[in-house]
Amino acid sequence: MLKKTAWAVLGLFLLAQLVQPDVKNPAVDPAADLEQVFNPPGEVMTGLKTACYDCHSNQTRYPWYSRLSPVSWWISQHVKEGREHLNFSEIGRLSPADCAEALGEAAETIQEGEMPLSSYTWLVMHPEANLTDNQRNTLVAWLTANSGGIKEGKNEKEYNED
């Protein structure tokens, strides 16, 4: 009975490999990316790229295990939801008010320890995304300062020129 169950599980696993999600990254317009729009300091950009960009940009790096179903389905859904909530590759396309809100929410979720997700930093999958307190504080301070700057009166022309 155990042998039949093992063969059935293996068969289902192999069949699941035939159903793969689309994991192509959308095209990136550098002019709309946070890096070009805001020109953050190096330590901020490094923190964002290592802890945030895989799920919150069009520059997702898919690891080898993201090609194995059903893990591929789970990762694809996480990335889709992450991009819908906040996409650093598209931040320059937002209105100043929406951008301020997005940066403020990002600061809040990082400060509260809700991001990066524990499922992303779990075990040895993405150890670089485990932010130190100093890295977390640096990101929160920068995101908060920039969301406040937008809220405090930059008009859309000034916002897009920075």
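1. **Basis.** The model is predicted: local features need pLDDT of at least 70, side-chain atom pairs count only at pLDDT 80 or more, and totals for chains, interfaces and linings use all residues. Residues are numbered from 1 along each chain as its sequence is written, and side-chain values use heavy atoms, with hydrogens and water left out.

2. **Fold.** The protein chain has eight helices and zero strands. Both are DSSP runs, numbered from the N terminus: helices are H or I with at least four residues, strands are E with at least two. Contact means heavy atoms within 4.5 Å. Of the contacts with a separation of 6 or more, 73% join residues 24 or more positions apart.

3. **Surface.** The accessible surface is about 9900 Å², and carbon and sulfur atoms hold 59% of it. Areas come from the Shrake-Rupley method with a 1.4 Å probe; for residues, only the protein chains shown count as cover. Of the 162 residues, 36% are buried. Buried means under 20% relative accessible area, exposed over 50%, partly exposed in between (1.4 Å probe, protein chains only).

4. **Cores.** A nonpolar core is a set of buried Ala, Val, Leu, Ile, Met, Phe, Trp, Tyr and Cys residues joined through side-chain atoms within 4.5 Å. The largest has 24 residues; among those touching the most other members are Leu 34, Phe 38 and Leu 103. Helices H2 (34–38), H3 (42–51), H5 and H7 (133–151) each give it two or more residues. H5 supplies the largest share, six residues. Another core, of five residues, lies apart from it and includes Tyr 62 and Val 79.

5. **Ser 147.** This residue sits in helix H7. Ser 147 counts as buried because its relative accessible area is 3%. Beyond residues up to four places away in sequence, Ser 147 touches Ala 100, Leu 103 and Gly 104. Ala 106 is 41 residues from Ser 147 in sequence, yet 9.7 Å away C-alpha to C-alpha.

6. **Largest pocket.** On a 1 Å grid over the protein atoms alone, a pocket is an open set of points where a 1.4 Å probe fits, with protein on both sides within 12 Å along at least five of seven lines; lining residues have an atom within 4 Å of a point. The largest pocket has a volume of about 480 Å³. Its lining has 27 residues, with His 56, Gly 82, His 85, Leu 86 and Met 115 nearest the centre. H5 (96–111) gives the largest share, seven residues.

Terms used:
Grid points are joined across faces, edges and corners, and a volume is the space filled by probe spheres set on the points.
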